[in-house]
Amino acid sequence: MTERTMRPDSLWRIPDFRTLFTATALTQLGTNVGYVAVPLVAVEALDAGPGQAGLLATLSTLAFLLIGLPAGAWVDRMHHRRVLIVADLVKAALYASVPLAWWLGGLTLGQLYAVALLTGGATVFFDVGSQSVLPGLVGREHLVDANSAVVGLMAVGNVAGRGAGGMLVQLLTAPLAIAVTALSHLGSALRLTALRRTPADDVPTAAHLPTAAHPDTATRPVIPVPGLGAQIAEGLRHVLGNPELRALAATASLNNLGSQLVNTLLPVLFVRELNLPAWALGLFWAVGGVGILLGSRCARPVSARFGDGRTLALAGLCLAPAGLLVPMIVGGPGLFLAGAGWLLVSLKTGMDNVLGVSLRQRMTSDHLLGRMNATFRFLLFGALAIGSALSGLLGELLGLRTTLWLGGAVLATAFLPVYLSPLRTRRRPSAAPVTTATDTATSTAPTRTAHSGAAATRAALTRTAPTGTAAAVGTTTCAPTSPARYRASAASPVPGPDADGRCAPGR
């Protein structure tokens, strides 16, 4: 489809969204090949048991517990484009070290643990940065469409990447399959260099803030920057203090916990107990990708009929109990029954990912997006880390089957926090307020603004452009004229057009 044949309001007319989308495609391919190949390296090449497989899975998500919260505040202060590129380059280098060490005969479980931990840290910054930049690229009115496209892409990555991962392990051995993961992340980093701008890139750094030492900027207001702890606390209060956001976080965390109790032990179950080839494991995980893809495609039309919150509640009530079919993994018909359960649970996950992410982005002001996303990633991936550790421990103590049944029970009941919350009756969330300089001046903090340094700077700046008629877009006002220039002012900001002529939301 060319730009000439696209709808006037199509997301695909936005060059930066196309860049982010294709880079995400490459990242998802690499991530999903690695999802299959890394644990199989541990099990097949290094003879890891359930406890060691659980530790490996725990380390891959531990970074979200260690740096997940401060990462949000850091990303709010950083250039998002640079964060995304550096994170991909770090992951490419770390993954490339695994086949190299294997080829030299020096690969150990210790190195695999280190790679899992450090790539998890890079993933923290990439995920928080990509979710924080999306609303500024497409506008809040297009968030459901954009998230549907991204979640659909992730689902295709699950199908293609995990299916390909199983085949590559079968054909090339697991260590060499990880080389594909490294190349995919390298390709993503190169693609992201075409990203022309991100919202944080328009903001002066601390070194360029106006001071009395510079006469030409002495009239600009100098806004105090809260400490890291205060910014983290603000993000936590925003998520945990809102009953709807709190319910979304609880349901997603329980879903991740149940999934990880199951997924951590599947390589051991498939390879050792069922004596199935690596491609069978990749195929089972790929079925989950099909479910996520279907869920992402169904989310918008179903929510248009019933509302976002009602759709989440009804999908959970109807689909989540299928999680009890997943532990029935045995040879023959049982494997197909478990696959059907995994498909239905993943279908619900796909709908949750589109509608849940869109809801929380709409309910959050621009200056809090990084910290809100980091808080969610901290809770969600913290659940993955806890699930991995519990899975390995319970697998050693209680056995594989009992642990799988516990995971299935958690999956079947994970929908309850959303179902019992006010979200069940909500059609659309209230839009997040647009932050202005007046808001900053009347912050809840008596002597300091609650905004991050970058966001506070935005609130004290006004875009100016040649005189013209302002056009309303969503909750923002935009002057449809030439690219704007910053002018110091204590008045409320009037967002102007982005570099490519689109109207930017107030941020």
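Ser130 sits in helix H4 (residues 109-138), where helices are DSSP runs of H or I with at least four residues, numbered from the N terminus. With a relative accessible area of 16%, Ser130 is buried; buried means under 20% relative accessible area, exposed over 50% and partly exposed in between, using a 1.4 Å probe and protein chains only. Thr24 is 106 residues away from Ser130 along the chain, yet their C-alpha atoms are separated by 8.9 Å.

This is a predicted model, in which local features need pLDDT of at least 70 and side-chain atom pairs count only at pLDDT 80 or more, while totals for chains, interfaces and linings use all residues. Residues are numbered from 1 along each chain as its sequence is written, and side-chain values use heavy atoms, with hydrogens and water left out.

**Another contact across the sequence**

- Val262 belongs to helix H8 (residues 243-263), and its relative accessible area of 1% makes it buried.
- Between Val262 and Val326 there are 8.3 Å from C-alpha to C-alpha, while the two are 64 residues apart in sequence.

**Aromatic pairs**

- The structure holds six aromatic pairs; rings of Phe, Tyr and Trp (its six-membered ring) pair if their centres lie within 6.5 Å, and planes under 30 degrees apart count as stacked, over 60 as edge-to-face and the rest as tilted.
- One of them joins Phe17 and Phe21, a tilted pair with 6.0 Å centre to centre and 40 degrees between the planes.
- Phe17 and Phe21 are separated by about one helical turn because they are four residues apart in helix H1 (residues 15-45).
- Both Phe17 and Phe21 are buried.
- Phe284 and Trp342 make a stacked pair, because their ring centres are 6.0 Å apart and their planes stand at 20 degrees.
- Phe284 lies in helix H10 (residues 278-306) and Trp342 in helix H12 (residues 333-362), so this pair ties together parts that are 58 residues apart in sequence.
- Phe284 is buried at a relative accessible area of 5%, and Trp342 is buried too, at 6% relative accessibility.

**Charges over rings**

- The charged end of Arg360 sits over the ring of Phe376, 4.3 Å from the ring centre; a charge sits over a ring if NZ of Lys or CZ of Arg is within 6 Å of the ring centre and within 35 degrees of the ring normal.
- Arg424 lies over the face of Tyr419, with 4.8 Å to the ring centre.

**Helix packing: H2 with H13**

- Helix H2 (residues 50-77) packs against helix H13 (residues 369-397) at an angle of about 165 degrees, with their axes 7 Å apart; axes are lines fitted to C-alpha atoms, for helices over the stretch in contact, and angles run from 0 to 180 degrees between N-to-C directions.
- H2 and H13 are therefore roughly antiparallel to each other; angles under 35 degrees count as roughly parallel, over 145 as roughly antiparallel, 65 to 115 as roughly perpendicular and the rest as oblique.
- H2 and H13 cross in a left-handed way; a crossing is left-handed if the near helix is turned anticlockwise from the far one by less than a right angle, and right-handed if clockwise.
- Sorted by class, the contact of H2 with H13 has 14 nonpolar, eleven polar and four charged residues; Ala, Val, Leu, Ile, Met, Phe, Trp, Tyr, Cys and Pro count as nonpolar, Asp, Glu, Lys and Arg as charged, and the others, Gly among them, as polar.

- The axes of H5 and H6 are 7 Å apart, and the two helices pack at an angle of about 135 degrees.
- H5 and H6 are therefore oblique to each other, and their crossing is right-handed.
- Thr173 lies in the loop between helix H5 (143-172) and helix H6 (174-192).
- Thr173 has a phi near 85 degrees, a positive value in a residue other than glycine, and it is partly exposed, with a relative accessible area of 33%.

- Helix H9 (residues 266-273) and H10 cross at roughly 140 degrees, and their axes come within 10 Å.
- H9 and H10 are therefore oblique to each other, with a right-handed crossing.
- Asn275 is located in the loop between H9 and H10, and at 62% relative accessibility it counts as exposed.
- Asn275 is not a glycine, although it has a positive phi of about 55 degrees.
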